[in-house]
Amino acid sequence: MDSETYWHLKNFNLLQALSDEELKRLQDMVNTDWIRRKDPVYLPGDPTEWVYFLKKGLVKLSMTAESGKSATVALLKPGEVFGELSQDESQRSSMEAITLKNSYLCRISRTGFNDFARRNKDLILSVNKLLGLRLRKIETAVYDMLFLDVPSRLAKLLYQLSLSDSIEIKNGRLITMPLTHQELGNLVGATREMVTNVLGRMEVEGLIGKDGRKLIIRDIRRLEAMSHGKGFQA
C-alpha cells in the first residue's frame with residue numbers, strides 16, 4: 001500500500017494511539033475506493049461487511065423511518081470513520097451513507113478490523129467511544145425530527161455549519177460547504193420548497209445573506225436561539 005494511504009491512516013483520530021508497526025499491519029488490510037458525488041456507499045439493509053475511513057470528500061449518514069421521513073445523523077468529513085463497528089456478524093446496516101462530494105475512502109473488512117482491534121486495548125476503547133457518540137447523534141436526530149419544526153431544524157444545521165464549515169468575512173461568516181436547497185432539505189427532513197421559503201424569511205429578518213449560491217450567517221446568536229425552537233420574531 002502506498003505511503004499516502006499510510007499517512008492518511010496515521011491521521012485518523014481513531015487510529016492515533018497505534019504504533020507505526022501496528023499501522024503498517026493495518027495498512028496491508030486496506031482497499032481504496034473513489035465514489036462519485038451522490039452515489040451510495042451503502043444502503044439500509046446492506047450487509048455490514050466494511051469499516052470505512054474517509055480520506056477526502058463529504059459523506060452523509062442518515063436513517064429513514066417507516067413513515068418515509070429521513071433524519072440525518074452526521075455529515076462526515078475527512079478523518080472520520082463510519083460503517084457498522086459492532087461485533088454482531090449477522091447485523092445489516094440500519095443507515096445509509098451517501099456522498100455529497102466526490103469522495104475517496106479507505107475500506108477494511110469488518111471481520112479483519114475487529115480481529116485487529118481485539119489485539120489492541122486502546123483501539124477497542126476508541127471504537128466504543130465512537131459508537132457512543134454515534135448513538136447520541138442518532139438520538140438527537142430523532143428528537144429533532146419529533147420536536148423541532150422545519151425553521152428550527154434548518155437554523156440548527158446552519159448554526160452547526162457556521163461553527164465547523166465557515167470562514168469569517170466582513171459582514172458575517174460564509175458557509176464554505178456548497179449545499180443546494182434540495183440538499184439542505186434532505187439534511188433536515190423537509191421539502192426543497194419549504195427550505196426556500198424558510199431561507200427567504202431568514203434573509204428578510206437579517207439572520208442570513210447570500211454570496212452567489214453560498215450562505216452568509218449574519219446573526220449567529222439569533223440563529224442559535226432559533227435552533228432551540230424559539231422561532232422567528234413575531
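What volume does the second largest pocket have? About 270 Å³. Before you select it, some ground rules: this is a predicted model, in which local features need pLDDT of at least 70 and side-chain atom pairs count only at pLDDT 80 or more, while totals for chains, interfaces and linings use all residues. Residues are numbered from 1 along each chain as its sequence is written, and side-chain values use heavy atoms, with hydrogens and water left out.

**Stop 1: the second largest pocket**

Select N13, L14, G79, E80, V81, S126, K129, L130, L133, R134 and K137, which line the second largest pocket. A pocket here is an open set of points on a 1 Å grid over the protein atoms alone, with protein on both sides within 12 Å along at least five of seven lines; lining residues have an atom within 4 Å of a point. Grid points are joined across faces, edges and corners, and a volume is the space filled by probe spheres set on the points.

Colour α4 (121–147) next: α4 gives the most to this lining, with 6 residues. Helices are DSSP runs of H or I with at least four residues, strands are runs of E with at least two, and both are numbered from the N terminus. By class, the lining of the second largest pocket splits into 4 nonpolar, 3 polar and 4 charged residues. Nonpolar covers Ala, Val, Leu, Ile, Met, Phe, Trp, Tyr, Cys and Pro; charged covers Asp, Glu, Lys and Arg; the others, Gly among them, are polar.

**Stop 2: the largest pocket**

Now for the largest pocket, at about 530 Å³. Its lining has 22 residues, and T72, V73, A74, L157 and Q160 are the closest to its centre. Show β5 (70–76), α4, α5 (150–164) and α6 (181–188), each of which supplies at least two lining residues. The largest share, 6 residues, comes from α5. The lining of the largest pocket has 11 nonpolar, 4 polar and 7 charged residues.

**Stop 3**

For the contact (heavy atoms within 4.5 Å), pick P151, S152, A155, K156, L158, Y159, S162 and L163 of α5 with I220, L223, E224, M226 and S227 of α8. Those residues divide into 8 nonpolar, 3 polar and 2 charged.

R153, L154 and L157 of α5 touch L184, L187 and V188 of α6, a contact with 5 nonpolar, no polar and 1 charged residues.

**Stop 4: from α6 to α7**

H181, Q182, L184, G185 and V188 in α6 meet R192, V195, T196 and L199 in α7.

**Stop 5: the cavity**

How many cavities of 30 Å³ or more does a search of the whole structure find? It finds 1. A cavity is a set of grid points where a 1.4 Å probe fits but cannot get out. The largest cavity has a volume of about 40 Å³; select R37, L58, L100, K101, M177, P178, L179 and E183 to see its lining.

Zoom in on K38, in the loop between β1 (31–35) and β2 (40–42). Most residues other than glycine have a negative phi. K38 has a positive phi of about 75° although it is not a glycine.
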